[in-house]
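Q: Could we go through this model together? I would like to start at one end of the chain and then turn to the helices.

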Amino acid sequence: MSDYAKGLEGVIANESALSKVEGLEGKLSYLGYDINDLVEHCSFEEVTYLLHNGKLPNKEELAGLESSLRNNRELPQEVVDFLKSMPKNAVPMDVLRTAVSMLGIFDERATVGEPDVAVNHEVALSLVAKTPVIVAYYHRARQGLELPPVRTDLSEAAHFLYLITGEEPCKAAVKTLDVAYIIHADHGMNASTFSARVTTGTLSDLYSAMTSAIGTLKGPLHGGANEGVIKMLKKIGSEDKVDAFVEDCLVNKKKIMGIGHRVYKVLDPRAPHLQKMAIKLTEELGDPKWIKMSERIATIMRERKGLNANVDFYSATVYYSLNIPTDLFTPIFAIARMSGWTAQVLEQLTDNRLYRPLTKYTGPATTSPVPPIAER
C-alpha cells in the first residue's frame, strides 16, 4: 500500500461552499441548490450570479448581471487581430488559452498582490463575457468569414450561437446550450479548478489563473473527453455495428469514451439532462442515429459492466446536433466553466493560502561526488 496519495486522490486541500459533488449518491449541487432544480428553474446567468455572489439573484440583481455581461463582450482590437492571424488549423483551445492571456495585457486591473474584491468581481464577469466571443470569433476567422459585431440583446447561450452561425438561433438550441452551460459551470476540485486556485494562491492575477485552467482543461483526461465520444461514434459508423464494437472493446480492455466517471460511482446527475436534450434535438434538428448509437452503447455498458454514461457522453451528441464542430466541444466546456473557475478564485482569495504540497523523493539515497567530464 502506498504511503502517499498519488494524484492527491482523497486529499482535502481546501474548503469551498460553491459546489458539492456526492459521487456515491450521484448528486451535484451549487451552494445548496440541487442541479436538477437549477436546470429546471434558472438560466446560466442566474447560476453565474449564484456562484459569484453566494445567492440567487432577484429580478433587479439579475438584470444588473445580464447588463454587465452584455456590456463586457467587446474584445480589444489587438485580440481580434490576433484571432484573425492564427493558422486555420490551430487547436481552438490553444487559441483560447493565448487570447485569454492576452486580455490580461490590455486590462490595467490585472494586477498581482493583495486583491481588490470589487475589481476582481468586475474582471471575473468580463472573463465570462469575453470567453465565448473569443471562441466564436476564431471559429469564424478560420473559415474566412466576417466577424459580426457583438450584440447586447441576447443571452449568453443565444449570443454564442448567433456569433458562430451569423443567424438567429432557435429556442430549442438556445435552451439546450443554456442547460449545458449550467451543468458544466462548476464541479468541485477538478483538475482545472485546482490549477486555477494554485495559480491564484500565489496572488497572481485572474487572467493568469484562467490561462492555467484552460491549459489544464485541454487534456483528454479532463475536458477533451467529449471530443473523443464523437470520434468514437464516427468510427463505429452505424447502429448495427455498435454491439460488435463494444464487444471488441470489452474483450481487449479498450476504453469506451464517455462511460464511467472518476467521482460518480452511480449515475452522473448531469447526464440525464443532456440525454433528454440530445433526444429532443436529434428529433428536431439532427440525425437520430447518433443518439440511438449512444443509447445502445450506454445500455450495453450498464448491463455488462454496471457503468453509466457520464456528462461527456451526451454533451458530445448535443453539440454535434447543434452543428458545432468537434474541436469546439472543449472550448464550450471552458465557456461554461469560466463562471465556476472565476468563482473559485474569488473564493480562494477570501482566505488565501499558498499551495505547497510535499513530494516523495525516489532518487539516490546518498549523494555522490561529481566526476570530471572526461570520466563520465
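Q: Is Leu 8 buried, partly exposed or exposed?
A: Leu 8 is partly exposed, with a relative accessible area of 39%. Buried means under 20% relative accessible area, exposed over 50%, and partly exposed in between, with a 1.4 Å probe and protein chains only. Please note that this is a predicted model, in which local features need pLDDT of at least 70 and side-chain atom pairs count only at pLDDT 80 or more, while totals for chains, interfaces and linings use all residues. Residues are numbered from 1 along each chain as its sequence is written, and side-chain values use heavy atoms, with hydrogens and water left out.

Q: Where does Leu 8 lie, and what is its phi?
A: Leu 8 is in the segment before strand 1 (19–22). Its phi is near 60°, a positive value in a residue other than glycine. Helices (H or I, at least four residues) and strands (E, at least two) are DSSP runs, numbered from the N terminus.

Q: What does Leu 250 touch?
A: Leu 250, in helix 12 (residues 242–251), touches Met 301, Arg 304 and Lys 305, not counting residues up to four places away in sequence. Contact here means heavy atoms within 4.5 Å. Leu 250 and Lys 305 are 55 residues apart along the chain, and their C-alpha atoms are separated by 9.2 Å. At 21% relative accessibility, Leu 250 counts as partly exposed.

Q: Changing topic: how many disulfides are there?
A: The count is 0 disulfides, where a disulfide is a pair of cysteine sulfur atoms within 2.5 Å.

Q: Is Cys 42 buried or exposed, and Cys 249?
A: Cys 42 counts as buried, at 12% relative accessibility. Cys 249 also counts as buried, at 2%.

Q: And Ser 43, where is that?
A: Ser 43 is in the loop between helix 1 (35–41) and helix 2 (44–53). With 18% relative accessibility it counts as buried. Leaving aside neighbours within four places in sequence, Ser 43 is in contact with Asp 178 and Ile 182.

Q: Which residues touch the most other members of the largest nonpolar core?
A: Leu 83 and Ile 297 do, in a core of 113 residues. Helix 6 (residues 117–142) gives the most to this core, with 13 residues. A nonpolar core is a set of buried Ala, Val, Leu, Ile, Met, Phe, Trp, Tyr and Cys residues joined through side-chain atoms within 4.5 Å.

Q: What is Leu 83 in contact with?
A: Beyond its neighbours within four places in sequence, Leu 83 contacts Leu 75, Val 95, Ala 99, Ile 134, Tyr 137, Tyr 138 and Ala 141.

Q: How do helix 6 and helix 7 cross?
A: The axes of helix 6 and helix 7 (residues 156–165) come within 8 Å and cross at roughly 20°. The two helices are therefore roughly parallel to each other. Axes are lines fitted to C-alpha atoms, for helices over the stretch in contact, and angles run from 0 to 180 degrees between N-to-C directions. Angles under 35 degrees count as roughly parallel, over 145 as roughly antiparallel, 65 to 115 as roughly perpendicular and the rest as oblique.

Q: And helix 5 with helix 10?
A: The axes of helix 5 (residues 92–105) and helix 10 come within 8 Å and cross at roughly 175°, and these helices are therefore roughly antiparallel. Among the residues that meet are Met 93, Leu 96 and Arg 97 in helix 5 and Tyr 207, Met 210 and Thr 211 in helix 10.

Q: Why is helix 9 described as largely enclosed?
A: Because 8 of the 11 residues of helix 9 (residues 191–201) are buried, it is largely enclosed by the rest of the structure. What covers those buried residues includes helix 10 (206–217) and helix 16 (329–350).

Q: What does Thr 200 touch?
A: Thr 200 is found in helix 9 and is buried, with a relative accessible area of 1%. Leaving aside neighbours within four places in sequence, Thr 200 is in contact with Ala 209, Val 345, Gln 348, Leu 349 and Asn 352.
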